[in-house]
Amino acid sequence: MTLPGWGWRAVAAGGSVVAGVATGVVTNVATAQPTVPWLAGLGVLVVLLVGFQVWLTVADGRPAGRRRGAGSVDVEGSSFAPITTDVSGVRQAPGAPTGAGDVVGLGAVVVGGDVRGEIRTNVADVEER
């Protein structure tokens, strides 16, 4: 099944809500009349809730390995306000190793959605090392 980028997160969030309601009902019954099946069901629902939370956390996480330079801005969604970066300092020498993964430079602006505001960047490198 193909869902938009937010689709699987919506499934996890909806499943979390349903599991949360079920956990409340099972907790009520299990505390009133504690039996092995009700306590086991409660345990399964708690594990399910933890699984949904891990899923949501991983889905919303930033890509591993992305390095950000000083003054850089990373907007996961859309930006409707002005963004201004003003960076001054020491710049890395050309040819120096940058490491693995994505590298976002000094004062860079990365927006994952629509941009409706003005973006201004000012990077003044004092010296190269």
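Predicted model: local features only at pLDDT ≥ 70, side-chain atom pairs only at ≥ 80, totals over all residues.
The chain has 2 helices and 6 strands, and in sequence order they run α-α-β-β-β-β-β-β.

**Whole chain**
- Take the contacts between residues at least 6 apart in sequence: 73% of them join residues at least 24 apart.

**Helix α1 and Thr23**
- Helix α1 covers residues 7-32, which makes 26 residues.
- From first C-alpha to last, α1 reaches 38 Å, close to the 38 Å expected at 1.5 Å a residue.
- Its buried residues are Gly7, Ala12, Gly15, Ala19, Thr23, Val26 and Ala30.
- Thr23 sits in α1 and has a relative accessible area of 12%, so it counts as buried, the cut-off being under 20%.
- Setting aside neighbours within four places in sequence, Thr23 is in contact with Leu42, Leu45 and Leu49.

- Val46, Val50, Val54 and Val58 make up a nonpolar patch on the surface, and together they have about 350 Å² of accessible area.
- One of them, Val54, is placed in helix α2, residues 36-60.
- An α-helix has 3.6 residues a turn, so residues three or four places apart point the same way.
- Val54 has a relative accessible area of 48%, so it is partly exposed; exposed would take over 50%.

Definitions and conventions:
Residues numbered from 1 in each chain as written. Heavy atoms only, no water. Patch = residues over 30% accessible without salt bridge, like charges linked within 9 Å, V, L, I, M, F, W, Y side chains within 5 Å. Areas by Shrake-Rupley, 256 points an atom, 1.4 Å probe, with all protein chains shown as cover. Salt bridge = Lys/Arg side-chain N within 4 Å of Asp/Glu carboxyl O. Helix = DSSP H or I, 4+ residues; strand = E, 2+ residues; numbered from the N terminus. Buried < 20%, exposed > 50% of the residue type's maximum accessible area, 1.4 Å probe, protein only. Expected span 1.5 Å × (residues − 1). Contact = heavy atoms within 4.5 Å.
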